[in-house]
Amino acid sequence: TNVTTNATTAIYAKAVDYGGNESACTLVANYTHDAVSPTVMSVTSSLANGTYRAGQNVDITVTFSENITYTPGVGSFTMALNTTPAVIALYNTAASNSITFRYVVGGVDASADLDYASVSAITLPSGASIKDAVGNDAVLTLPAVGGPNSLGGQKNIVIDTSSPIATFVSISPTSPSNSASPQVTLSLSEAVSSVQLYSNSCAKP
């Protein structure tokens with residue numbers, strides 16, 4: 001019998017014997033046809049918006065349109081990020097409709113707004129698969145970079161691993177002087193939360 005594409009079809013049956021006697025037409029089964037592939041709905045992180053430094057973990061979750069099953073292959077399942085550089089590996093597949101990657105911030109990584117590198121940033125290893133319950137392969141195309149459903153659109157995560165540089169500009173009054181509290185002007189390489197000046201060494205008093 002023919003069924004309706006991507007829908008549930010009620011299947012009825014009626015039997016006729018050789019004498020022409022017919023049975024009642026009765027419902028025997030409901031059959032659901034599903035040829036719809038799982039798709040990526042959003043990418044986000046459980047972390048709060050903010051700035052993260054070298055050594056910190058950033059977990060990135062990819063959520064699909066339906067429950068999926070991941071079958072490992074040979075090699076790593078990776079996502080490329082827009083940091084310099086970062087290709088991160090799959091961390092967790094426990095959730096029914098999502099997978100999680102873990103990004104450990106490297107010592108030279110930097111990103112003003114963490115996101116994946118492109119809509120094709122996910123790479124399955126050889127022999128691996130992501131399928132739904134009936135075996136349809138997932139489409140791994142990610143939402144548009146920077147769009148509302150992307151990591152960058154969902155979160156404002158800054159990766160900053162560089163230390164600020166303080167450069168001497170001037171001291172007033174000029175040295176030598178009889179002032180016991182001269183004013184020091186510094187040039188800073190980036191915005192900072194505080195500046196501390198020390199006398200004779202950088203050892204804390």
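**Before selecting anything.** The structure is a predicted model, in which local features need pLDDT of at least 70 and side-chain atom pairs count only at pLDDT 80 or more, while totals for chains, interfaces and linings use all residues. Residues are numbered from 1 along each chain as its sequence is written, and side-chain values use heavy atoms, with hydrogens and water left out.

**Select the whole chain.** The chain has 1 helix and 15 strands; helices (H or I, at least four residues) and strands (E, at least two) are DSSP runs, numbered from the N terminus. Its radius of gyration is 30 Å, well over the 17 Å that the globule rule gives for 205 residues, so the chain is more spread out than a compact globule. That radius is taken over C-alpha atoms, and the globule rule is 2.2 Å times the number of residues to the power 0.38. Along the principal axes, the C-alpha trace spans about 125 × 30 × 30 Å.

Of the 205 residues, 25% count as buried; buried means under 20% relative accessible area, exposed over 50%, and partly exposed in between (1.4 Å probe, protein chains only). Among contacts between residues at least 6 apart in sequence, 63% join residues at least 24 apart, a contact being heavy atoms within 4.5 Å.

**Select the six-stranded sheet.** This open sheet has the order β3-β5-β9-β8-β7-β11, with antiparallel pairing. Its edge strands, each pairing on one side only, are β3 (40-45) and β11 (122-123). Two strands pair if DSSP finds at least two bridges between them.

Now display β3 together with strand β5 (residues 57-64): the two pair in the antiparallel sense over 5 bridges. To locate one of the bridges, select Ser45, whose partner in β5 is Ile60.

**Select Ser98.** This residue lies in strand β9 (residues 98-104). Is Ser98 buried or exposed? Ser98 is buried, with a relative accessible area of 9%. Not counting residues up to four places away in sequence, Ser98 touches Thr61, Val62, Thr63, Phe64, Ile68 and Thr93.

How many disulfides does a search of the whole structure find? The search finds 0, with a disulfide taken as a pair of cysteine sulfur atoms within 2.5 Å.
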